[in-house]
Amino acid sequence: MLIFISLIVFLLFIIFLFIPTIYYIPSKLNLYRILIVGGTHGNEPAGYYAINEIYSEIKKYNFPFEIVLIPNVNKFGLFFNLRNFLFHDLNREYGWSFTNPNNKSTNNHFTNKIIEPIIHSSDIIIDLHEGYSYNRINENSKGSTLSGKNIPSNLINLILKNLNNNITRSEKKFYYLEYEPLPGTLREIINEKQIYLLVETTGQNNIQPLYIRTEQMKNIIYSVINWLLIRSNITSSLNRRS
Ligand SMILES: [Zn+2]
């Protein structure tokens, strides 16, 4: 009996440690679906805190679009403050398929398998990460940059305006960065109708206090929500969800 109970407790612990949390904020109108993911790299925790705070602040609102929040993609890594899930970099294992010759990632972690269908059914995807230095100081790190795919320029401008308003030092201000495709990253499975925003704060090893990075991420998320609220009322060239 004791062995049985121990086994159940152990299995519950494994599930707790391995399966990402998914919050849904449903919508009656359901014009679009926004997906916000954080904690893909376990040593980049601000996304986890930003998403949990955002969820508690907005969960009672009825938006004209659905919001899906995954604060802890790499639950294992967050628990142990490690980039990878054991030996797996979860942002190098998207899109792996026997049948799709375009996908070049060499593996597909079960976590990616859980999240990929949600990515494919979303119109806007916000992916929260943290670099180890300011990109303006060290170009090897993507800290304090935005990048992505198919982002309308007025959305980028709105995010940067709201975000940089609160940042005084020029080397710490965010800007939009174009960079080369990287096989197996979330960016590579985004299609031409989806908007993908990759956020990189400067945050690894607490190079800036956690509360600053968390606030920066929340600022970005609220800019996207506001942009989408305005857009939902006026016009829509995005795919309307049926
Ligand atoms: Zn990362």
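Over which residues does pLDDT stay under 50? In this predicted model, where local features need pLDDT of at least 70, side-chain atom pairs count only at pLDDT 80 or more, while totals for chains, interfaces and linings use all residues. Residues are numbered from 1 along each chain as its sequence is written.

**View 1. Residues 235-242, where pLDDT stays under 50.** The score pLDDT is the predictor's confidence in each residue, from 0 to 100, and over residues 235-242 the model has 11 contacts beyond four places in sequence, a contact being a pair of residues whose C-beta atoms, placed from the backbone, lie within 7 Å. Where pLDDT is low, the predicted coordinates should not be read in detail. For the protein, the mean pLDDT is 90, and 92% of its residues reach 70 or more.

**View 2. The largest nonpolar core, with 43 residues.** Such a core is a set of buried Ala, Val, Leu, Ile, Met, Phe, Trp, Tyr and Cys residues joined through C-beta atoms within 7 Å, and a residue is buried if 20 or more other C-beta atoms, placed from the backbone, lie within 10 Å of its own. Within this core, I36, A50 and I126 touch the most other members. Among the elements that each supply at least two residues of the core are β2 (33-37), α2 (46-58) and β4 (124-131), and α2 gives the largest share, six residues; helices (H or I, at least four residues) and strands (E, at least two) are DSSP runs, numbered from the N terminus.

**View 3. The surroundings of A50.** Once its neighbours within four places in sequence are left aside, A50 is in contact with G38, L128, T214, M217, K218 and I221.

Methods. Two residues are in contact if their C-beta atoms, placed from the backbone, lie within 7 Å. A residue is buried if 20 or more other C-beta atoms lie within 10 Å of its own, exposed if 12 or fewer, and partly exposed in between; C-beta atoms are placed from the backbone.
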